[in-house]
Structures are given as structure tokens and as C-alpha cells.
Amino acid sequence: MSASDSLELSILDLVFGAVAYTAETTWYIGLSSTDPGETGAGNTEPSGGNYGRVAKTNNLTNFPSGNPKSNGTEVLFNTPSANWLSGANLVYFTVW
């Protein structure tokens with residue numbers, strides 16, 4: 001998974017320039033049936049059927065320290081009330 005261009009530039013400014021970086025307070029996890037790609041333009045996210053991205057507070061409980069980085073709590077999506085993507089597999093996740 002790659003970082004957005006904006007995040008990459010913020011990290012470079014922090015490391016090479018000592019420009020303060022303010023982390024996101026909330027991350028939103030989504031699903032996609034297609035590879036979102038570098039910019040997210042290839043994202044095919046479900047719509048309807050009770051689908052929604054899952055909000056996670058950005059803290060060390062939800063995202064504990066470690067290498068590799070992993071989630072510390074489950075990411076639970078709503079129970080579908082309809083077929084989210086007819087005939088497609090949700091094989092990618094996105095972080096917004």
C-alpha cells in the first residue's frame with residue numbers, strides 16, 4: 001500500500017526541513033473490488049445495501065507500535081442489507 005502524494009510530501013518536509021506534521025485524527029477504512037492504484041482513482045467501492053466506510057480514531061490502541069504496522073482492533077463493517085457488489089469480490093481495502 002502506498003501513501004498519498006500529500007502524505008509523502010509532508011513526511012519529506014518533516015525529515016528534510018523540520019516542518020511540523022499533524023497526523024490525521026481519524027482514518028476511514030473502505031473496501032474495493034478493484035485496485036485503487038497510487039491515487040485512489042481505480043477504487044470501486046460498494047454503494048447502498050448498508051455499506052459505509054469504518055471510522056477509526058488514530059491512536060495506539062487502534063494502531064499499536066510495531067513493525068510491521070497492524071491494526072490493534074477489529075475493523076467491522078455493517079451487515080449488508082443487499083449485495084454490495086453483484087458478481088464482484090471485495091479484495092482490496094483503502095484507508096482515507
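**View 1. Strands β1 and β3 pair in the antiparallel sense.** In this predicted model, local features need pLDDT of at least 70, side-chain atom pairs count only at pLDDT 80 or more, and totals for chains, interfaces and linings use all residues. Residues are numbered from 1 along each chain as its sequence is written, and side-chain values use heavy atoms, with hydrogens and water left out. Strand β1 covers residues 26-32 and meets β3 over four bridges. I29 has V95 of β3 as its bridge partner. Strands are DSSP runs (E, at least two residues), numbered from the N terminus. Two strands pair if DSSP finds at least two bridges between them.

**View 2. Three strands make an open antiparallel sheet.** The order is β2-β1-β3. At the edges lie β2 (54-57) and β3 (92-95), each pairing on one side only.

**View 3. Y51 and F77 form a stacked aromatic pair.** Phe, Tyr and Trp rings (for Trp, the six-membered ring) pair if their centres lie within 6.5 Å; planes under 30 degrees apart count as stacked, over 60 as edge-to-face and the rest as tilted. Here the centres are 6.2 Å apart, with 10° between the planes. Y51 sits in the loop between β1 and β2 and F77 in the loop between β2 and β3, so the pair ties together parts 26 residues apart in sequence. Y51 is buried at 15% relative accessibility; F77 is partly exposed at 23%. Buried means under 20% relative accessible area, exposed over 50%, partly exposed in between (1.4 Å probe, protein chains only).

View 4. W84 is buried, at 12% relative accessibility. Ring pairs link Y51, F77 and W84 into a cluster.
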